[in-house]
Amino acid sequence: MEWINLLSSISGATIRMSAPLIFAALGGLFSERSGIINIALEGKMLAGAFTAAAVTTLTHSPLLGFLAGGIAGMVMAAIYGLFVINFKSNQIVTGTAITILAAGCVPFASQILFQNTGSTPEIAMNHRFIHEPIIAVWIIMALVWLWFKYSPYGLWHKFAGEHPDALQTSGIDVINTRWSGVLLSGFLAGLGGATLSICLSSSYTRNMTAGRGYMALAALIVGGWRPIAVALACLAFGFFDALGITLQGIQIPKPNFDIPILSQIWNFVVSPQFIQIIPYLLTIIIVAGFVGKSRPPKALGQPYLRNR
């Protein structure tokens, strides 16, 4: 019976913990399908998490906070797009800079609004979402799948990342298509951050995304840039995250070791510090196994010049 309760707890936590990853990964899908590397997902999630918590605290409306989180991610995406699309800057370096910018701006804004650089005030339960973003993310995933499979706009995004010259020749502006992909990416990543702060938590805390933007990027690679596969990869990463959290609350019986070194190894393996890094270790292992097997869009990371 205890094992059934444990599995039920892990499965429920998996669905909840994977929701922000799916939001961010679907956002990254729009950007990378159109040819723009999106290593800035972490910064967009961070901006979305803080903005959602701040707006919800000030207005007592989780819906306004949720949408504001998406808009904050879109603003960060607009800054990113300006440099990588219009100014043709290096996408990886610029994406890293955007994440650093978000990490620096958020404490500054928090100090101005709440006189605290580390966190926002706690949000009351009746002013938070309980499960709405978790339901919404799966609806959005289905819509994204339909978008890329049946919509002409989805086809444009695919061609912008695969054969931009052919898309431009057909009369569709590649630059505008890439801009739409980047902005949609920022909005969805911002919603992922908002899910963290006003659904899975009761406030924003410093660096609460904890690398989830990079995990979402890893899910893109594992899922081969396909919506359903990407969502399943996010579920797998969410499972590892939920497993790490659940194991911290379980008293694991210690075997009797005759060799002292084995006892020390056991104590290290079951320590809370090691359990916390399990999701990240497994993420590295999985990505290392899939990175050579997934084929990215052909024009991914390549600036496009209209006049060539």
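Tutor: Buried means under 20% relative accessible area, exposed over 50%, and partly exposed in between, with a 1.4 Å probe and protein chains only. This is a predicted model, in which local features need pLDDT of at least 70 and side-chain atom pairs count only at pLDDT 80 or more, while totals for chains, interfaces and linings use all residues. Residues are numbered from 1 along each chain as its sequence is written, and side-chain values use heavy atoms, with hydrogens and water left out.

Student: What makes the contact of Arg212 and Asp241 a salt bridge?

Tutor: A salt bridge needs a side-chain nitrogen of Lys or Arg within 4 Å of a carboxyl oxygen of Asp or Glu, and the side chains of Arg212 and Asp241 meet at 3.3 Å, N to O. Arg212 belongs to helix H9 (residues 212-222) and Asp241 to helix H10 (residues 227-248), 29 residues apart.

Student: How do you know whether Arg295 and Glu162 are buried or exposed?

Tutor: Arg295 has a relative accessible area of 52% and is exposed, whereas Glu162, at 15%, is buried. These two residues also form a salt bridge, with their closest N and O atoms 3.1 Å apart.

Student: Why are H3 and H8 called oblique?

Tutor: Their axes cross at roughly 140 degrees, and angles under 35 degrees count as roughly parallel, over 145 as roughly antiparallel, 65 to 115 as roughly perpendicular and the rest as oblique, so H3 and H8 are oblique to each other.

Key:
Axes are lines fitted to C-alpha atoms, for helices over the stretch in contact, and angles run from 0 to 180 degrees between N-to-C directions. Helices (H or I, at least four residues) and strands (E, at least two) are DSSP runs, numbered from the N terminus.
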